[in-house]
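Hello! Here are some notes to read with the structure open beside you. Take the points one at a time and find each residue as you go.

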Amino acid sequence: MQITFLTQMDWLIRLILAGICGYAIGYERNSRSKNAGIRTHLIVALSAALMIIVSKYGFMDIISTHGVSLDPSRIAAQIVSGIGFLGAGMIFVHNQSVNGLTTAAGIWATSGIGMAIGSGLYFIGIVATLLILLFQIILHQNYRWIKSATSDHLILQLENLEGLQLLQNQLKDDQVKILSLKVEKKSNNCLRVDLYLKLPKNYEITSILNLLETNGKIKSIEY
């Protein structure tokens, strides 16, 4: 099959369109100050489209050769697994809190959009882009029906065990669940309490700080 100028222009349009879709998703991530922004998403989408085009059409000059058989889906499989390594670099774990999962998933999804458009599936690629943007915008709003319980990490210094008992009662009364509790006795006979808490819905960290300020046995709070 001869590759015409119009065919190559069609491929160029696919690359540009994939880049635009990646730009749109990256712009949304960049507006929220995420690690992977416009350039990362644009490059992922455009390069995924390029690799799919090469996979589908880059071997057309030998496809008719006797004994030669090709599987265009192999490149797609390699893209999906390869992008996973890039996404893994976006995930950070700190104090039992995981950050970057949404950004990593966005990178992975952007590669899928690039592959769709590179394959010529314009409609599904554009619709997927719009859906991702729509859901990102909706789920970042402070709607009560989508807000889930949150967790937080606090380090307290207490005068004695009496203060610890009072602390536990205060958290229980406010329906704050203790996920993890570590108590360490310091050289000044004070207690260092390492707490991981599960906060109820619509419960802000300032609320729990105000609550703990009423406990006269707490000498210091870190969060």
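The points below go from the whole chain to single residues.

1. Please keep in mind that this is a predicted model. The protein has seven helices and six strands.

2. How much of the protein is buried? Of its 223 residues, 32% count as buried. Contacts also reach along the chain: among those between residues at least 6 apart in sequence, 68% join residues at least 24 apart.

3. Now look at helix α1, which covers residues 5-31. Its 27 residues reach 39 Å from the first C-alpha to the last, close to the 39 Å expected at 1.5 Å a residue. Just after α1 comes Ser33, with a positive phi of about 60°.

4. Next, find helix α3 (residues 73-88) and helix α4 (residues 101-118), which pack with their axes 9 Å apart. The angle between them is about 155°, and because angles over 145 degrees count as roughly antiparallel, α3 is roughly antiparallel to α4. Their crossing is right-handed. On the α3 side, the contact is made by Ala76, Ile79, Val80, Ile83, Leu86 and Gly87; on the α4 side, by Ala104, Ile107, Trp108, Ser111 and Met115. As a reminder, an α-helix has 3.6 residues a turn, so residues three or four places apart point the same way.

5. Finally, the cysteines. Cys21 has 7% relative accessibility, so Cys21 counts as buried. Cys190, at 5%, counts as buried too. How many disulfides are there? The count comes to zero.

Definitions and conventions: Residues numbered from 1 in each chain as written. Predicted model: local features only at pLDDT ≥ 70, side-chain atom pairs only at ≥ 80, totals over all residues. Heavy atoms only, no water. Disulfide = S-S within 2.5 Å. Buried < 20%, exposed > 50% of the residue type's maximum accessible area, 1.4 Å probe, protein only. Helix = DSSP H or I, 4+ residues; strand = E, 2+ residues; numbered from the N terminus. Expected span 1.5 Å × (residues − 1). Axes fitted to C-alpha atoms, helices over the stretch in contact; angles between N-to-C directions. Parallel < 35°, antiparallel > 145°, perpendicular 65-115°, else oblique. Left-handed = near helix turned anticlockwise from the far one by under 90°. Contact = heavy atoms within 4.5 Å.
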